[in-house]
Amino acid sequence: MFSFAKEMAAVLAGCSILAAGATVFAADSGGDSLKWWQKAAVYQIYPKSFADTDGDGVGDLPGITEHLDYIGSLGAKAVWLTPIYPSPMVDNGYDISDYTAIDPSYGTMEDFEKLVADGKKRKIRMVMDLVFNHSSEQHAWFLESKQSRTNPKADWYIWRDAKPDGSAPTNWRSIFGGSAWTWCEERQQYYLHTFAAQQPDLNWENPEVRQALYDAARFWIDKGIGGFRIDAITYIKKPAFVDGTPDAEDGMVGIHSMTANTEGILDFLHEFKREVFAGRDIFTVGEANGVVPADLPKWVGKDGVFDMVFEFSHMNLPLKNGETWCRPTEWKLTELKDALTASQNVTKENGWCPVFFENHDQPRCVNHFFPKGADTEKAAKTMAAVLLTLRGTPFIYEGQELGFANVAWPSIDDYNDISSHGQYKIALQEGFSPEQAMEFVHFFSRDNARTPMQWNTDAQAGFTKGTPWLPVHEDYASVNALVEAGNPGSVLSWYRTLAKFRREHRELTEGAYEELMPEDEQIFAFARTAGKRQIITAANFSLKEAKLPAEFLLGKRQLLGTMPKGETKILRPLETRIYEAVLE
Ligand code: NOJ
């Protein structure tokens, strides 16, 4: 284990990479009109992969408690924990068998309470993941529901008769592949599952179901948490159960295109808000696949249902031609900028965005958003600068702050992620060779984001004393928290520098967003303005030098940069600079 005191010394050393005279105006507590979660960053933890204290190869809650100071050093005031409830772990916890308990592999309820209490001492609050579109097939509710068509919970899930020929009620394909309907012998009916067969969808039309879910959410509020991330929430309202036009050789249509964000969903969500969240000092962030920037005013802000939603236009760029991984497309920087700018602009007057480039379902950002062959460390720093200077609450996903990159294991059998297996099969069905199918897995597999956290240079990167449930990335000797804390030029030190800078410049929390040079295919540049003061970010996402126009540089002074000072008018490949300007 490494010492936090040593780490902090390194943080302070890290600050020396500030450009000369970087601190231009004093720390400002401003932003009082903003709520605590608008001024802070959120750190996302995949508990299974974060820190294992009992040597079983699986991370646990005491492991998180041990690292609260590390998390705080990134400016985080909230920790989003992906599900820690009891679960058969078919989808690593997103298949919940009890909504108000802790899975024994993660620890006990006392461990959770200690985590909340120790977090509070540091002003870091826990955020629970509510998985309310579906439960596990092992949940007591489903075990009862499946027994007969007449039991008290018969209507708690979505049951339908077979078509006259015995086939599934509709031709919908589940998100993980295969039919979205599974036959149940006991009831002689099919049940619907948006995801795996082990994740049956709950029937939100039934008010008893909704009340049971609200009770579960209130249970965690009473434990003193700081918020909720609400999983797959755009799928809770099912439209008519009709076939869709097949979109692939299997004769099926992706369920997402049939059920995401359909008419009537907001009625459920307004009730959810009224019953559970309203008037509580917590924040909510909904996972909103299928919501586009134009929809945001109905979802967030004063008439909305959540404080923020994860809207995926920018994350889905490589998939814009379809939901399946085997149809990746090329995309341009202007498309990424347009997607981000659209949600920034829609929420300008009303509403708030989470800013995110990674999570436990996505490729690592250095692979996702930069050209092949990009230097990982440089790309990671550029992404960090954008993440921490855009308007909104930045979400840092574990390992992102160290510059984690994708893995590329040789065989599909090396992969744990259930969706990688489904997508691999779809790619083969579509006629791709096993090698091509593996290329898709290498890029998109969710295991990219789930390899264990790299704490130091010990065996298994200090993550566990046992055998980790998923292999540690081979780069751990140099990419780890201990080594990076001691290196002022590391990705980790850069994150800490940015966290401090963000704290000290209210433009970055309160300031309005304005995109600059929108047509540029190399540089993402934007200004954040509060009163007469501006902070401007210019990030070169390309592997070539990029020229900064003379008028852009006018009146700007560089405060920070991802590289030592260079030629004023040229941004080197993957270089980002942060400037200040004072308006007339
Ligand atoms: C979205 C979650 O982020 C993902 O990990 C999970 O597999 C699905 N929802 C199903 O709960």
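Helices (H or I, at least four residues) and strands (E, at least two) are DSSP runs, numbered from the N terminus. This is a predicted model, in which local features need pLDDT of at least 70 and side-chain atom pairs count only at pLDDT 80 or more, while totals for chains, interfaces and linings use all residues. Residues are numbered from 1 along each chain as its sequence is written, and side-chain values use heavy atoms, with hydrogens and water left out.

Q: In which strand is the place of Met126?
A: Met126 belongs to strand β3, residues 125–130.

Q: Why does Met126 count as buried?
A: Buried means under 20% relative accessible area, exposed over 50%, and partly exposed in between, with a 1.4 Å probe and protein chains only. Met126 has 1% relative accessibility and therefore counts as buried.

Q: What does Met126 touch, not counting residues up to four places away in sequence?
A: Contact means heavy atoms within 4.5 Å. By that rule Met126 touches Leu68, Val79, Leu81, Leu115, Val116, Ile225, Gly226 and Gly227. The C-alpha atoms of Met126 and Gly227 are separated by 6.9 Å, although the two residues are 101 apart along the chain.

Q: What makes Lys238 and Asp201 a salt bridge?
A: A salt bridge is a side-chain nitrogen of Lys or Arg within 4 Å of a carboxyl oxygen of Asp or Glu. For Lys238 and Asp201 the N to O value is 2.7 Å, so the pair meets the definition. The pair links distant parts of the chain, 37 residues apart: Lys238 is in the loop between β8 (227–230) and β9 (253–254), Asp201 in the loop between β7 (189–192) and α7 (207–221).

Q: Why do Lys238 and Asp201 count as buried?
A: Lys238 is at 11% relative accessibility and so counts as buried. Asp201 is at 0% and so counts as buried.

Q: Which salt bridges do Asp231 and Glu575 form?
A: Asp231 pairs with Arg229, the closest N and O atoms being 2.8 Å apart, and both residues are buried. Glu575 pairs with Arg577 at 2.9 Å, N to O, and both of these are buried. Salt bridges that share partners also join Asp91, Asp361, Asp417, Arg446 and Arg450 into one network. The structure holds 34 salt bridges.

Q: How far from Asp52 is the nearest side chain of opposite charge?
A: Lys and Arg count as positive and Asp and Glu as negative, with His and the chain ends not counted. The nearest side chain of opposite charge to Asp52 is Lys465, 9.4 Å away; the limit is 4 Å, so Asp52 is buried yet has no salt bridge. Asp52 lies in the loop between β1 (41–45) and α3 (61–66).

Q: Why is the aromatic pair of Trp299 and Phe306 called tilted?
A: Rings of Phe, Tyr and Trp (its six-membered ring) pair if their centres lie within 6.5 Å; planes under 30 degrees apart count as stacked, over 60 as edge-to-face and the rest as tilted. By this rule the count comes to 45 aromatic pairs. Trp299 and Phe306 are 6.3 Å centre to centre with 40° between the planes, so the pair is tilted. Both Trp299 and Phe306 are buried.
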